[in-house]
Amino acid sequence: IEAENSNISIKNSSIAGAFPRGINSSGTTTIENTIIEGTRNSDWFLNTFALLIGAENSFVASSTFKNNTIGIKITGGSPRIENNIFQENNIPILLEGGSSPVFSNNSAQNNGLNGIFVDGASIIADAVWQSNLPYILGTKSIAAGANLTLKEGTVIKFTNGSYLDISGQLITEGTLANPVV
């Protein structure tokens with residue numbers, strides 16, 4: 001499903017075996033109570049996804065992403081991603097650029113990486129990371145003039161050889177009871 005600058009709303013549905021992409025939307029996207037599975041391709045690894053969202057007000061809730069190369073690829077905006085299940089994907093969530101999604105109550109089991117993989121373009125605008133899933137970093141940079149804020153309880157992990165290059169500002173807002181790790 002390709003929707004350029006159009007809004008999509010999919011509820012109580014099942015999408016299986018899409019190749020190489022499931023849903024590609026640059027408009028506002030709403031996905032609820034939907035199963036998206038079997039979107040796989042080893043040749044186009046970072047361009048094979050069950051769902052790509054890039055709009056400010058997108059919402060994905062109570063859905064299952066199973067057996068995909070990438071479950072959700074987020075390229076922009078501040079979408080809300082909540083109460084979803086990610087199983088047997090290579091990457092459950094891929095976060096690119098300076099997106100600031102709001103994550104809550106998502107679960108990831110038996111994936112290649114059980115977390116939010118962050119790689120790609122530099123963070124060039126202020127971004128906020130918070131999630132019950134860990135952020136797993138490839139090489140990433142914060143550009144001059146940009147701020148990356150890590151909310152309390154945020155967990156950051158690095159892949160082998162990766163690093164965070166800070167030319168802007170990194171702000172951690174952990175607490176004694178709920179630190180940034």
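**Strand pairing**

I began with strand β20 (residues 147-151) and looked up its partners in this predicted model. β20 pairs with strand β23 (residues 169-173) in the parallel sense, over five bridges. Within β23, I found Glu173 standing opposite Lys151. β20 also pairs with strand β17 (residues 127-129), again in the parallel sense, over three bridges. Which residue of β20 is the bridge partner of Trp129? I noted Leu150.

**Aromatic rings**

Trp129 came up again when I turned to the rings. Ring pairs join Trp129, Phe103 and Tyr135 into a cluster. For the whole model I wrote down three aromatic pairs.

I took Phe65 and Phe86 next. Why does this pair count as stacked? The ring centres are 5.2 Å apart and the planes stand at 10°, so the pair is stacked; the cut-off for stacking is under 30 degrees. I then checked where the two residues sit. Phe65 belongs to strand β9 (residues 64-66) and Phe86 to strand β12 (residues 85-87), so the pair links distant parts of the chain, 21 residues apart. Both Phe65 and Phe86 are buried.

Phe103 and Tyr135 form an edge-to-face pair. I recorded 6.4 Å from centre to centre and 75° between the planes. This pair also links distant parts of the chain, with Phe103 in strand β14 (residues 102-104) and Tyr135 in strand β18 (residues 135-137), 32 residues apart. Are Phe103 and Tyr135 buried or exposed? I found that both are buried.

**A loop residue**

I looked for Glu4 and found it in the loop between β1 (2-3) and β2 (8-11). Glu4 has 68% relative accessibility, and therefore counts as exposed; the cut-off for exposed is over 50%. I also checked Glu4 against Gly145: they are 141 residues apart in sequence, and their C-alpha atoms are 30 Å apart in space.

**The whole chain**

I ended with the totals. The protein chain has 23 strands and zero helices. Its radius of gyration is 16 Å, close to the 16 Å that the globule rule gives for 181 residues, so I put the chain down as being as compact as a globular protein of that length. The C-alpha trace spans about 40 × 35 × 30 Å along its principal axes.

Of the 181 residues, 47% are buried. I noted an accessible surface of about 8200 Å², with 47% of it belonging to carbon and sulfur atoms. Among contacts with a separation of 6 or more, 34% are between residues 24 or more positions apart.

Note on methods: Residues numbered from 1 in each chain as written. Predicted model: local features only at pLDDT ≥ 70, side-chain atom pairs only at ≥ 80, totals over all residues. Heavy atoms only, no water. Phe/Tyr/Trp six-rings, centres within 6.5 Å; stacked < 30°, edge-to-face > 60°. Helix = DSSP H or I, 4+ residues; strand = E, 2+ residues; numbered from the N terminus. Buried < 20%, exposed > 50% of the residue type's maximum accessible area, 1.4 Å probe, protein only. Pairing = 2+ DSSP bridges. Rg over C-alpha atoms; globule rule 2.2 N^0.38 Å. Contact = heavy atoms within 4.5 Å. Areas by Shrake-Rupley, 256 points an atom, 1.4 Å probe, with all protein chains shown as cover.
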